[in-house]
Each structure stands twice: as structure tokens, then as C-alpha cells.
Amino acid sequence: MLSASNEITEEKVALGRMLFYDERLSKGRNISCNTCHLLERYGVDGLPVSIGHQQQKGTRNAPSVYYAAGHVIQFWDGRSGSVEEQVRGPMLNGVEMGMPDAAGVEAALVSIPGYKEAFRKAFPAAKASVSIENASYAIAAFERKLVTPSRWDKFLSGDGRALTGVEKAGFVAFYRAGCHTCHRGPYLGGTLYQKVGMVKAWPNQADLGRFLITRLEQDRMVFKVPSLRNVEKTGPYFHDGSVGNLRDAVRMMGEHQVERPLTESEIRQIAAWMGSLTGEIPTDYIRRPELPKGD
């Protein structure tokens with residue numbers, strides 16, 4: 001998942017991997033990117049909403065970081081246009097990692113001697129390589145290679161035996177119901193915004209979604225369409241983390257988003273097909289690195 005403005009290099013990825021796991025980038029020195037986006041658990045923490053600085057709870061479910069770099073926008077409300085921009089948000093959020101400002105993040109990095117050389121290698125042309133901007137670019141470079149090839153990919157490549165009969169029937173049911181209209185593209189989502197409650201009002205109206213950013217009436221209850229990659233492993237579901245069971249999530253989509261409710265058979269088949277989207281975690285790539293020593 002390439003970026004014209006952020007070339008992926010081995011040195012940048014190595015630095016980004018360290019920063020992703022480093023809890024010293026948080027005010028309480030106890031929260032890292034991996035705290036809420038556990039890479040060995042498909043990039044999620046399994047909670048309805050994550051717990052951040054001083055045990056504060058967020059208001060939205062933390063989505064997976066796998067394939068996130070390929071999405072056209074970031075966050076549920078699309079307030080960031082790239083992972084490079086998105087990465088800074090949690091660091092400077094008082095509820096999440098709790099750092100007061102960019103200077104606080106940079107002071108934490110400078111206090112760790114081992115990072116100076118790592119930043120220099122990753123950003124050899126920068127006059128002041130240790131910065132929150134470069135830290136964000138390094139973490140984003142690491143995230144741009146977070147992929148999990150699945151049986152669905154094998155099927156799309158021509159291996160008709162990669163899916164079971166039930167899974168194939170599930171995709172047909174998914175397509176016939178019109179789910180592909182929103183969950184489209186290589187990530188089966190992440191390409192557009194959509195209103196939740198298209199045909200029937202969504203039960204939880206507390207979070208108005210993108211409306212809180214734009215104040216435009218057409219954005220009321222509008223959110224980014226999430227990716228279905230690894231969806232079997234990334235519950236609880238929806239922006240509020242309100243549904244824990246995948247079949248229940250599929251059932252709700254049929255009730256609130258498409259023209260007709262799905263039958264129980266269709267729900268079972270679609271959930272089975274979604275299991276084929278579960279990929280292989282890149283254990284070598286995400287292996288926790290030795291972090292630079294320092295304060």
C-alpha cells in the first residue's frame with residue numbers, strides 16, 4: 001500500500017515497528033499503538049471501546065490497522081486523509097495516549113538515546129530527524145505493509161478449491177443482497193462513507209458520525225464503511241462496538257442497510273464466506289522488536 005509522499009524503506013519500517021510498540025510515547029508511559037491495535041490479534045483489542053490514558057474510555061470502536069493504509073480516509077468519521085496523518089491523533093488525544101502536544105512527544109523521543117541513530121538512518125536527509133512528523137511517517141511506513149493474505153485471495157487468483165460450497169454461496173448471497181455496493185474493492189470496504197440506518201433507523205443515535213466534523217445534515221449518522229478483511233476476528237462490531245457476534249452483525253446489516261431482511265440461511269452463508277477473509281498474520285514482520293534503552 002504505497003504512498004507517493006512516504007517512501008517505504010527498511011530503515012523507516014524498522015523504526016516504525018519500534019515506535020508502534022513503544023509505550024514511552026504516551027504520557028503515562030503505559031500505552032502504545034499496539035495496546036489498542038494488537039497485531040497478533042488481527043489489529044484490534046477486542047473491546048467495544050478502547051481504554052486509554054488514566055483508564056479513560058473512548059467513544060468509538062478501535063478498527064484494525066491491517067489494510068488500513070489502503071483506505072481512502074482514516075477514522076470512522078474520515079477526519080484524517082492518510083495513515084501518516086492519522087498516527088498523530090492518538091498520541092495527542094487526552095483520552096488515548098495523553099501527550100499534551102507535539103513537543104511532548106518529541107521530548108520523549110529525544111530522551112531515549114537509541115532513537116537518535118534510528119531516526120538518522122530512517123530520515124538521512126532531514127536536518128532534525130527526531131520529530132513527531134517523522135515518527136508518524138515511520139509508523140505509517142510500517143503499517144503500509146500490514147497485510148494478511150487469505151483464502152479469498154487464493155480464490156480470486158483462480159483457485160476454485162480455496163472456498164467451500166457454503167462460502168461460495170455466502171458470497172453470492174452477499175452480492176445479491178447488495179452488500180458489495182459499500183463493501184467493495186480489494187479491502188471490501190474503506191473506499192467510501194455511508195449512512196448507518198439506510199432503510200431503518202440505527203438503534204444508537206448518540207454518535208452522529210461525520211456530522212460532528214462537517215455539521216452538514218447529509219452527514220448525520222454517516223461513517224466510513226469498514227473493511228471486511230479478517231472481520232471474523234475483529235469484533236465487536238460497528239462504530240460503537242455494540243454487537244459481539246458476527247451473525248448478529250450481518251443480521252443487523254440486513255435489517256438496517258439493505259432493501260430486505262436477510263434470511264437465516266443467508267446470514268449463515270454470508271458469515272461462512274466472511275470466514276474466508278481471515279488471513280495469515282505476518283508473525284515475522286510484526287515480531288516485537290528490542291526497543292532502544294533510555295528513560
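Predicted model: local features only at pLDDT ≥ 70, side-chain atom pairs only at ≥ 80, totals over all residues.
Residues are numbered from 1 along each chain as its sequence is written, and side-chain values use heavy atoms, with hydrogens and water left out.

I begin with the chain as a whole. It contains 13 helices and two strands; these are DSSP runs numbered from the N terminus, with helices being H or I of at least four residues and strands E of at least two. The C-alpha trace spans about 60 × 45 × 30 Å along its principal axes. A compact globule of 295 residues would have a radius of gyration near 19 Å, and the value of 20 Å for this chain agrees with that. That radius is taken over C-alpha atoms, and the globule rule is 2.2 Å times the number of residues to the power 0.38.

Of the 295 residues, 52% are buried. Buried means under 20% relative accessible area, exposed means over 50%, and partly exposed lies in between, using a 1.4 Å probe and protein chains only. Contacts, meaning heavy atoms within 4.5 Å, also deserve a word: among those in the chain with a separation of 6 or more, 67% join residues 24 or more positions apart.

I turn now to the interior. A nonpolar core is a set of buried Ala, Val, Leu, Ile, Met, Phe, Trp, Tyr and Cys residues joined through side-chain atoms within 4.5 Å. The largest one here has 39 residues, and Leu15, Leu19, Leu39 and Tyr115 have the most contacts inside it. Two or more residues each are given to this core by helices H1 (10–21), H5 (102–110), H6 (114–122), H7 (132–143) and H13 (283–286). The largest share, seven residues, comes from H7. Apart from this core lies another, of 31 residues, including Cys179, Met221, Leu228 and Ala271.

Which residues does leucine 19 touch, not counting those up to four places away in sequence? They are Leu25, Leu109, Tyr115, Phe119, Ala135, Ala138 and Ile139.

Two further residues may be considered as a pair. Isoleucine 132 lies in helix H7 and counts as buried at 8% relative accessibility. Beyond its neighbours within four places, isoleucine 132 is in contact with Arg88, Met91, Leu92, Ala102, Val105 and Glu106. Glutamine 269 belongs to helix H12 (residues 264–275) and is buried as well, with a relative accessible area of 19%. With the neighbours within four places again set aside, glutamine 269 contacts Val166, Ala169, Gly170 and Ala173. The C-alpha atoms of isoleucine 132 and glutamine 269 are separated by 46 Å.

Finally, I draw attention to the backbone. Leucine 188, in the loop between helix H9 (165–176) and strand S1 (193–195), has a positive phi of about 55° although it is not a glycine. Leucine 188 is buried, at 6% relative accessibility. Methionine 221 has a positive phi near 65°; this residue sits in the loop between helix H10 (211–214) and S2 and is buried, with a relative accessible area of 2%. Where is the cis peptide bond with omega near 0°? It runs from glycine 235 to proline 236, and proline 236 is found in the loop between strand S2 (222–224) and helix H11 (246–256).
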